[in-house]
Amino acid sequence: MAKYVAFLRGINVGGNKKVPMAKLKSVLEEFGFLNVRTLLASGNVIFEFKKESLPLLTKKISATLEEAFGFTIPVILRDAEEIEKIAESNPFKNIMVTKDTRLYVTFLSDDPKSKLKIPYHSTDNSFQILNIKDRAIFSVLDVSKKGTVDAIAILEKEFGKNITTRNWNTIVKILK
């Protein structure tokens, strides 16, 4: 058995695409996943399943969720080892964190094709992309600046819409 983390994109945001976590857990258990746990209502699912190709398993999960909930739910899947490696790399070690600092990891479904020069800084310096490694983007947002840029819009413009972003605190919770 292998341990996986599924990140669901765009659910339970502003009352749209409602996916109750109890039903999500039940659907995935019926599919055959073991030790299914959800974390927060934003669509983070930890589970165990036989070792399988990530692209194939992602397609199976997507099809299962669409059938159960009646709408497409983009899924980005990682095995737990990948998440552990991200944490061990300590991507934010050189960032001074204040109450206005937000640390983010954006997961890509494919290898990045952007020509953006990294490290990247928005014109107002409120948003930085520190690094891109293993289909993950590590970024920092300073919300103290007036008119803070739309970080998600920048990420989607450069890397496409088949991405999903999580706060670093969420990643830490997943590892526990």
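Me: What makes the radius of gyration of the protein chain agree with that of a compact globule?

Reply: With 176 residues that gives a value near 16 Å, and the protein chain has 16 Å, so the two agree. Bear in mind that this is a predicted model, where local features need pLDDT of at least 70 and side-chain atom pairs count only at pLDDT 80 or more, while totals for chains, interfaces and linings use all residues. Residues are numbered from 1 along each chain as its sequence is written, and side-chain values use heavy atoms, with hydrogens and water left out.

Me: How many helices and strands are there, and what makes a run count as one?

Reply: The protein chain has five helices and nine strands. Both are DSSP runs numbered from the N terminus: helices are H or I with at least four residues, strands are E with at least two.

Me: Why is N12 called partly exposed?

Reply: Buried means under 20% relative accessible area, exposed over 50%, and partly exposed in between (1.4 Å probe, protein chains only). N12 has 28% relative accessibility, so N12 counts as partly exposed. This residue lies in the loop between β1 and α1 (21-31).

Me: And why is R135 called partly exposed?

Reply: R135 has a relative accessible area of 21%, so partly exposed is the term for R135 too. Its place is the loop between β7 (127-133) and β8.

Me: Which residues of helix α3 are buried, and how do you know which side of α3 they are on?

Reply: In α3 (residues 80-89), the buried ones are A80, I83 and I86. They cover an arc of only 120° around the axis, so they sit on the same side of α3; the arc is that of the directions from the helix axis to the C-beta atoms. An α-helix has 3.6 residues a turn, so residues three or four places apart point the same way. On the other side of α3, E81, K85 and E88 are exposed.

Me: What do the buried residues of α3 pack against?

Reply: Their partners are β1 (2-8), β4 (75-79), β5 (101-108), β8 (136-142) and α5 (168-175). Contact here means heavy atoms within 4.5 Å.

Technical notes. The radius of gyration is taken over C-alpha atoms; the globule rule is 2.2 Å times the number of residues to the power 0.38.
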